[in-house]
Amino acid sequence: MTQTARVYGGSLYELAAEEKLEDVILEQMTQVRQLFRENPDYLTLLADPAIPKEERTGLIENAFGTQAERYLVNFMKLLCEKGYIREFGNCTEEYTRRYNADHGIAEAVVTSAVTLSEAQMAALRAKLEKISGKKISLVQKKDASVLAGLRVELEGKLLDGTVQGRLTGISKKLNEIIV
């Protein structure tokens, strides 16, 4: 993550916390980030220095002015004016990191070969909350190379319950015994 994203994302979080708008702005930032991902040409347009800043900020105002929190709209306009609009995703990550730290939330990424059901996700979330003592924000990823089981990344730790992970563990133990 860039220093720019840390400074700008962190500053927006501090302002949102002061105004008691952390939840609203987090939700809206996540939605805007998803829109930018789904429409990369729009982001390219907003970052194009050949287009006058007033026009680019006008595009932001027209698209988000009546639907998003005013602080967020102004934040996007500021990023656009300074030439940092492509940093919006990283700013969102910094904002989320600060939000999670202040609210005792840990993000966990679960990787499996198939999509987990809501019941399975809820059970996994409950188990991880018990282990970590924190509220868990669970992100699911699919990876066909995961033969069976789950691989979970939580606060820099890897919890590998996949068949491949178990076989690797057994192999290491056997090598330790043999050597």
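Predicted model: local features only at pLDDT ≥ 70, side-chain atom pairs only at ≥ 80, totals over all residues.

Author: Residues are numbered from 1 along each chain as its sequence is written, and side-chain values use heavy atoms, with hydrogens and water left out.

Reader: Why is α2 called roughly antiparallel to α6?

Author: Helix α2 (residues 22-38) and helix α6 (residues 88-102) pack at an angle of about 150°, with axes 10 Å apart. Angles under 35 degrees count as roughly parallel, over 145 as roughly antiparallel, 65 to 115 as roughly perpendicular and the rest as oblique. The pair is therefore roughly antiparallel. Axes are lines fitted to C-alpha atoms over the stretch in contact, and angles run from 0 to 180 degrees between N-to-C directions. The crossing of α2 and α6 is left-handed, a term used if the near helix is turned anticlockwise from the far one by less than a right angle, with right-handed used if clockwise.

Reader: What makes the contact of α2 with α6, and how do its residues divide by class?

Author: Contact means heavy atoms within 4.5 Å. On the α2 side the residues include I25, L26, M29 and F36, and on the α6 side they include F88, C91, Y95 and Y99. The contact divides into nine nonpolar, four polar and four charged residues. Here Ala, Val, Leu, Ile, Met, Phe, Trp, Tyr, Cys and Pro count as nonpolar, Asp, Glu, Lys and Arg as charged, and the others, Gly among them, as polar.

Reader: Why is α2 termed oblique to α5?

Author: The axes of α2 and α5 are 10 Å apart and meet at an angle of about 40°, so α2 is oblique to α5. The crossing of these two helices is right-handed. I25, Q28, M29, V32 and F36 of α2 meet Y71, L72, F75 and M76 of α5. By class, this contact has eight nonpolar, one polar and no charged residues.

Reader: Which residues of α1 and α5 are buried, and what do they pack against?

Author: Buried means under 20% relative accessible area, exposed over 50%, and partly exposed in between (1.4 Å probe, protein chains only). The buried residues of α1 are A5, Y8, G9, G10, L12, Y13 and A16, and they pack against α2, α5 and α6. In α5, L72, V73, F75, M76, K77, L79 and C80 are buried, packing against α1, α2, α3, α4 and α6.

Reader: Why does K20 count as exposed, and why is P52 called partly exposed?

Author: K20, in the loop between α1 and α2, has 68% relative accessibility and therefore counts as exposed. P52, in the loop between α3 and α4, has a relative accessible area of 36% and is therefore partly exposed.

Reader: What makes the phi of K20 worth noting?

Author: The phi of K20 is near 60°, a positive value in a residue other than glycine. Most residues other than glycine have a negative phi. Just after α5, G83 takes a positive phi of about 80°.

Note on methods. Helix = DSSP H or I, 4+ residues; strand = E, 2+ residues; numbered from the N terminus.
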